[in-house]
Amino acid sequence: MRSIWAQTCEIPPRAPLPGDLETEIAVVGAGMAGVLISAALQEAGHQVVILEAERIGSGQTGGTTAKITSQHGLCYAALVRSMSLPAAKLYAQSNEAAIQGYRRIILERGIDCGLETCSSYVCGAPGTDPEPLMEEARAAAALGLPAAFTADVPLPFPTAGAVRFKAQAQFHPLQFLKAMSDELTVFEHTRVQAVEDHALFTGHGTVRAERIVFACHFPFVDLPGMYFARMHQERSYVLALAHAPRLEGMFLGSGAGHWSLRSYRDLLLLGGEGHRTGENGDGGRYDRLRERAAAWFPGSREVAHWSAQDCMPPDGVPYIGRYASSRPDWFVATGFQKWGMTASMVAAMVLRELVCGRDHPAASLYSPSRWEAAALPGIAAEGWHAVKGLAKRSLQIPTEAAAHIPPDHGAVVSLHGEKVGVYRDEEGALHPVEIRCPHLGCQLEWDPDTRTWDCPCHGSRFDRFGHLLSGPALEDIVHEDA
Ligand SMILES: Cc1cc2nc3c(=O)[nH]c(=O)nc-3n(C[C@H](O)[C@H](O)[C@H](O)COP(=O)(O)OP(=O)(O)OC[C@H]3O[C@@H](n4cnc5c(N)ncnc54)[C@H](O)[C@@H]3O)c2cc1C
Ligand code: FES
């Protein structure tokens with residue numbers, strides 16, 4: 001099902017790349033990051049073209065909850081501990097500047113995207129110790145953020161109090177993207193299949209660019225960069241509820257059972273049930289959200305549900321900057337850890353300077369080339385997870401007859417002596433897919449909630465018939481016998 005954003009905003013279609021082309025800057029991806037970065041560079045006087053595999057805003061940006069906040073969970077006490085006070089301050093200041101960046105652009109351009117100023121809260125579960133919330137409030141306030149602990153949380157159910165950030169914001173992300181992309185050159189349905197030096201190869205022609213920005217969510221060029229070894233993807237789920245109370249503020253539950261709430265007009269968005277992409281074999285995520293909705297907002301009615309995913313870096317800081325030291329003309333913005341509204345704006349602010357050969361105060365914090373001690377344990381864990389996914393490929397999965405797959409479900413089975421993924425459609429027809437991920441070969445898993453084949457290693461996803469939904473993989477997995 002499409003998000004309420006996609007249901008309420010039509011962005012006019014653009015033609016694919018018409019053939020070979022030369023430009024100063026090529027940006028890969030027209031999500032929030034690609035559009036904001038391109039707009040900033042174009043405003044600075046550069047010639048920019050965007051190459052988009054699908055449609056503007058059709059990626060994860062279309063599935064966001066669109067809170068614009070510097071309150072990224074309980075991140076500040078942890079950042080001070082794991083990095084340093086100055087690094088945490090840069091993180092705080094750059095994300096607050098991002099909120100102001102949205103306000104300035106929306107005001108200057110008169111963009112009608114439902115921007116509302118409100119407070120953001122991270123809440124403790126009832127009965128839990130509020131001290132971690134108080135510690136976070138102290139850490140954030142010491143960094144200059146508008147933060148305080150409050151026991152007075154405007155929710156219709158009990159909490160253990162919350163950290164409140166004042167003067168944050170929420171909006172309609174696609175209405176904003178529609179206005180921002182209006183004056184940009186975007187080629188849709190133009191997937192970049194390979195990049196070499198200054199050439200981007202697509203099925204519609206080759207683009208030669210002096211500088212290239214990868215704003216494609218998960219960077220798909222593995223070498224150099226090795227982003228696959230430095231982050232994984234996590235998926236979460238959203239319900240849009242009618243006949244629920246309007247909330248004054250944006251809310252997040254801390255600790256286990258993490259949830260998210262915000263209002264949009266007369267609807268309430270309830271999110272949560274996050275997990276590593278490719279690890280949802282048992283499903284039931286939407287059902288658990290529905291149970292929560294019934295308990296907290298009795299009488300509410302679901303009008304839409306959807307899911308999306310984001311890239312999670314191991315040290316809690318996105319990668320924004322040079323793609324790799326061996327490619328001085330390539331840049332990247334990724335690893336937004338479910339806070340990509342402000343992170344995309346930070347990326348636009350930082351890359352506007354770096355792409356022009358200037359420095360930015362936050363460039364070293366976000367630099368993708370950081371390999372600090374804080375990041376190493378996480379990076380090692382990513383490597384272990386990928387090895388686990390690869391090893392699974394050679395394990396003998398008990399043979400399951402395709403006959404036992406219920407309609408509209410998939411499973412890994414042995415078919416004609418070969419291990420394949422099989423989806424049974426509602427009419428009973430079987431659709432086999434290659435079960436090895438075309439990215440680096442991990443075994444794909446069937447996700448019963450989204451009816452997709454998902455990769456547990458780096459989060460590539462394919463629809464039930466094997467067509468690529470999102471990378472880093474670049475190819476379909478449609479089986480030759482399909
Ligand atoms: C459930 C959920 C809720 C969230 N809520 C919030 C929130 O409230 N606030 C917040 O700040 N953040 C939130 N986030 C995070 C935020 O939505 C994302 O970080 C952000 O949308 C990512 O934007 P992007 O431009 O990097 O990626 P995308 O929007 O995915 O854009 C990337 C684009 O690149 C294109 N592309 C990919 N590969 C290629 C290729 N090879 N060639 C050409 N094009 C390509 C894709 O088609 C896509 O359109 C949430 C995330 C989730 C999962
Ligand atoms: S996404 Fe990397 S192996 Fe599947």
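This is a predicted model: local features need pLDDT of at least 70, side-chain atom pairs count only at pLDDT 80 or more; totals for chains, interfaces and linings use all residues.
One stretch to treat with some care is residues 391-399, where pLDDT stays under 50. Even so, the model gives that stretch twelve contacts beyond four places in sequence.

Let's go to ligand 1 next. There are 35 residues around ligand 1, and the ones that come nearest are Glu-52, Thr-61, Thr-65, Asp-310 and Met-341. Glu-52 also shows up with a polar side-chain atom sitting 2.6 Å from an oxygen atom of the ligand. How much of ligand 1 does the protein bury? Taken alone, the ligand exposes 1,000 Å², and 95% of that is buried by the protein.

As for where the shell comes from, helix H2 (32-43), strand S15 (301-312) and helix H8 (340-354) are the elements that give two or more residues to it.

Now for a residue in a loop. Val-221 is in the stretch between strand S10 (205-214) and strand S11 (232-242). Setting aside neighbours within four places in sequence, its contacts are Val-195, Phe-214, Tyr-323 and Trp-330. For a sense of distance, Ala-199 is 22 residues from Val-221 in sequence, and their C-alpha atoms are 13 Å apart in space.

The last stop is Arg-461, which lies in strand S23 (residues 461-463). This arginine has a relative accessibility of 8%, so Arg-461 counts as buried too, by that under-20% cut-off. What does the Arg-461 side chain pair with? A polar contact of 3.4 Å joins it to the side chain of Asp-454. Asp-454 is also one of the residues that Arg-461 touches once those up to four places away in sequence are left out. That list takes in, among others, Thr-450, Thr-452 and Trp-453, then His-467, Leu-468, Leu-469 and Ser-470. It also includes Arg-235, Thr-277 and Gln-309.

Conventions
Residues are numbered from 1 along each chain as its sequence is written. Chains are lettered from A and ligands numbered from 1 in the order in which they are written. Side-chain values use heavy atoms; hydrogens and water are left out. Helices (H or I, at least four residues) and strands (E, at least two) are DSSP runs, numbered from the N terminus. Contact means heavy atoms within 4.5 Å. pLDDT is the predictor's confidence in each residue, from 0 to 100. A residue is near a molecule or strand if one of its heavy atoms lies within 4 Å of it. A polar contact is a pair of N or O atoms within 3.5 Å; within protein, one must be able to donate a hydrogen and the other to accept it, and residues adjacent in sequence count only if both atoms are side-chain atoms. Accessible areas come from the Shrake-Rupley method with a 1.4 Å probe; for residues, only the protein chains shown count as cover. Buried means under 20% relative accessible area, exposed over 50%, partly exposed in between (1.4 Å probe, protein chains only).
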